[in-house]
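Dear colleague,

Here is the structure I said I would pass on. My notes follow below it.

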Amino acid sequence: MNLTALNQTDVCQEYWCPERSVSLSVYVILYVAAAAVSLLTVCGNLLVIISVSHFKQLHTPANILILSLAVSSLLVGVFVMPLHLSWVIESCWISGSVMCSALKIVNFQATSVSVHTVALIAVDRFLALRSPFLYSEKISPTVICIATLFNWLFSLFYNFTLLFVNGNFADVTCPGICIAIIDGVSSLIDLIVVFLVPCTLIIILYTHVFVIAKKHVTAIRALQVHNSTQSSKNRVGDKSERKAAILLGILVIVFLLCLLPYYICSLVIPYSDDDLFHVRDVTVMIFFLNSTINPIIYALFYPWFKKSLKLIFTFKVFNRDSSLMNVL
């Protein structure tokens with residue numbers, strides 16, 4: 001998302017694609033690397049989608065939010081990454097005006113959905129630890145599905161409106177470039193809706209989540225000292241909630257680390273500054289890499305994802321009633 005105000009007259013100056021300045025072999029290597037990153041992103045998130053969708057044990061509120069995040073990351077890997085990386089490699093937009101318009105809406109949509117989904121994950125974990133009884137009664141997979149659907153529909157309406165009112169779907173486009181034109185007022189609104197509000201919410205809620213988790217650990221240890229006959233079932237249940245909060249906290253922290261440089265750069269560096277164009281590209285690619293990193297986090301820290309991968313790669317998911325298999 002481009003947060004810096006741009007005038008269309010400033011953007012649409014005469015522009016010609018530069019000639020290739022290095023050998024063909026270098027371009028081949030760059031395209032192979034870009035294809036590898038895109039393929040890793042697609043495959044990793046597709047495995048997450050298959051796992052959460054197929055196995056009924058994984059149909060929990062938190063995992064449905066992870067599923068939503070994986071779908072938005074899949075869009076990045078299938079559509080946004082290949083087009084953007086080819087633009088960076090060639091230093092020129094070569095995919096035409098229709099693909100440029102499609103890239104804008106998909107890029108904005110994936111970004112908005114991802115940020116708001118991570119905010120919903122923070123809300124989910126906060127409620128699960130702060131009010132576990134209320135959470136178990138009120139927050140069901142159906143409720144989270146409705147919230148997720150609303151998130152996607154709101155993001156689609158918001159981003160389409162944002163791009164449309166700023167003339168980004170006009171037939172006349174600048175040759176060789178694909179930049180979303182956003183005026184000053186729209187940039188401020190976008191900054192608040194997609195960055196400041198959700199990220200502030202994420203930081204505040206997860207600060208509370210870790211404080212609550214620490215208090216739970218202290219209370220349980222004190223209780224164990226006075227009551228050695230405490231039910232192992234209760235200990236496991238409390239421990240699983242804290243572990244889920246910590247693991248999702250890792251996901252949230254990595255997401256923020258990838259997101260912050262992108263928005264800081266968009267705010268500090270004006271899009272008219274061609275000298276720092278590549279700096280902006282680096283921050284954009286760091287943000288895109290979050291879509292690649294997420295499945296790696298699941299593979300490293302989530303036992304259910306490891307078990308799901310084993311069942312998928314051994315084709316046991318095609319067995320009858322495989323959706324009922326134990327993956328926890």
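Helices here are DSSP runs of H or I with at least four residues, numbered from the N terminus. The model is a predicted one, which should be kept in mind for what follows.

Helix H10 spans residues 303–313. Its buried residues are Trp304, Phe305, Ser308, Leu309, Leu311 and Ile312. These six lie on the same side of H10, because the arc they cover around the axis is only 165°. Lys310 and Phe313 are exposed on the other side of H10. After H10 comes Phe315, which has a positive phi, near 60°.

There is also a nonpolar patch on the surface, formed by Leu40, Ile296, Leu300 and Phe301. Together they have about 370 Å² of accessible area. Helix H9 (residues 277–301) gives the largest share of the patch, three residues. Leu40 sits in helix H2, residues 24–54. Its relative accessible area is 47%. Patch residues need over 30%, and exposed means over 50%, so Leu40, at 47%, counts as partly exposed.

As for charged pairs, the structure holds one salt bridge. In this salt bridge the side chains of Asp124 and Arg125 meet, with 2.8 Å from N to O. Asp124 and Arg125 are both buried.

Regards

Technical notes: Residues numbered from 1 in each chain as written. Predicted model: local features only at pLDDT ≥ 70, side-chain atom pairs only at ≥ 80, totals over all residues. Heavy atoms only, no water. Patch = residues over 30% accessible without salt bridge, like charges linked within 9 Å, V, L, I, M, F, W, Y side chains within 5 Å. Areas by Shrake-Rupley, 256 points an atom, 1.4 Å probe, with all protein chains shown as cover. Salt bridge = Lys/Arg side-chain N within 4 Å of Asp/Glu carboxyl O. Helix = DSSP H or I, 4+ residues; strand = E, 2+ residues; numbered from the N terminus. Buried < 20%, exposed > 50% of the residue type's maximum accessible area, 1.4 Å probe, protein only. Arc of directions from axis to C-beta.
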